[in-house]
Amino acid sequence: PVDTRADLYSLGAVMYALLSRRPVFRGKSLPDMLYKQRFEQPEPLRQHAPDAPAELEQILAQLLEKDPAKRVANPDILARRFEAMLHALSLGPETLDAGRSWFFPEPPIESEANSLRSADRLADGLRDDVPATQAIGGQTDVANRPAVGVPPALPTPGAGPTPAAPAGSATKGFTPPADRFVAVPEEELDPTPEEEPRPAFSWQTGALAIALLAMGLIAWWTLQPPSADGLYERIAAKTADQSIGSILGAETDIRDFLSRYSGDPRAKHVREYEREIELRNLENRINQRTKGLGSSTRLEPVERAYLEAINYSHLDPEVGAKKLQAILDLYDGPNSDNEPSDQTLILVHRRLSQFQQEVAKRAGDQLRALTVRLDLADSLRATDPAQARKAYRAVLELYAEKPWAAPALLRARAALEKLPEKPSGRP
């Protein structure tokens, strides 16, 4: 997760680019740059900026670590390290040489070379050469040092006067170097923040508790079974238009009502809706079997006869109605004990009623149209008897088998009998 250490990485990259006048990584392509950014370490800062202090090089290298855990922990610690580095760099070479001669009066040749380093070496805090107890002063183990030329330890600031060197030692007349540590007055030190007592119950905790309680109440209320009145009102609202579509839309509530409140007086009315749903499902199953979409079980004879009647009704509702009536005449009776057939017969009754209504409506419309055509034929009897004869015969040909057309058929036959015979020689 991104945190402050990502900003520290960015700070290190910017400082590296400013001091070395080059980016942290260079690549010929974007994949090359991504690979270096992920797996390679940047070149040391002083390879491109020789004048940079070693301590600064180490700080930037730590800021540019791949692993965030290896970077400086936070900006405050980074600021302290920069302050310590600046303080070390403020000490001149003379102080460095004097401090080294105080701690190491007889250094080896290679230590002499180390003592001539520039102030940037002080940024290391002499960690490679001076033990921590000697750098602090006052607690150096003198017994382990050479007997000759060993001066007393550096004084601790505020610990009293500097002890004198032993008589006859090689440090006679030697002035201890200035202390490298700066005494800071107490009033300039950062005050230690006093922790305020935390309340046992905060407003955040109260808000969280209220939210959890509200969620629990909502869940409890949602899981509570609906009342009989509520369910029935919901069913009545959904089935207000009494269409099969609205009844199917209320199927869940209907079955829930019957399963929970089967003894309710209103359950009888709700069961009628359930019966409608079962009949529609049966019709759908029959249609699916016919189309090969459902079970491979063969249809019952009554089911197959029902489907044939429905198919005929698409072309002629009258023929479909006749076939449905024939199904009832054959299968509907007191000896019927097959439940699927009984349900199919219920479908037959309903479809027959629908077709009869449709046929009656269509018959009225067609009979009115036939009456208009017969009136026109009657008007042509005097002027064009041949055309009138054709119209009467057409009525007999088209509607001879239609029971509803009986009045028109009688009128057409009577008109034909009154028409004179064709003149001889005419077609």
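Good morning. I begin with L307, which counts as buried because its relative accessibility is 8%, below the 20% cut-off. The model I am describing is a predicted one. L307 belongs to helix α13, which covers residues 301–315. Between L307 and E283 the C-alpha to C-alpha distance is 9.3 Å, although 24 residues separate the two in sequence.

My next topic is helix α4. Which residues of α4 are buried? They are L78, F82, M85 and A88. Viewed down the axis of α4, these buried residues fall within an arc of 125°, so they line one face of the helix. Among the elements that cover them are α1, residues 4–20, and α3, residues 54–63. On the face turned away from the buried side, α4 carries the exposed residues D76, L86 and S90. D76 also takes part in a contact at the start of the helix: its backbone nitrogen lies within 3.0 Å of a side-chain oxygen of N74.

Where is D264 found? Its place is the loop between α11 (251–260) and α12 (267–291). Is D264 buried or exposed? With 17% relative accessibility, D264 counts as buried, because buried means under 20%. A polar atom of the D264 side chain lies 2.8 Å from the backbone nitrogen of R266. Leaving aside residues up to four places away in sequence, D264 touches A228 and F257.

Thank you for your attention.

How values were computed. Residues are numbered from 1 along each chain as its sequence is written. This is a predicted model: local features need pLDDT of at least 70, side-chain atom pairs count only at pLDDT 80 or more; totals for chains, interfaces and linings use all residues. Side-chain values use heavy atoms; hydrogens and water are left out. Helices (H or I, at least four residues) and strands (E, at least two) are DSSP runs, numbered from the N terminus. Buried means under 20% relative accessible area, exposed over 50%, partly exposed in between (1.4 Å probe, protein chains only). A polar contact is a pair of N or O atoms within 3.5 Å; within protein, one must be able to donate a hydrogen and the other to accept it, and residues adjacent in sequence count only if both atoms are side-chain atoms. Contact means heavy atoms within 4.5 Å. The arc is that of the directions from the helix axis to the C-beta atoms.
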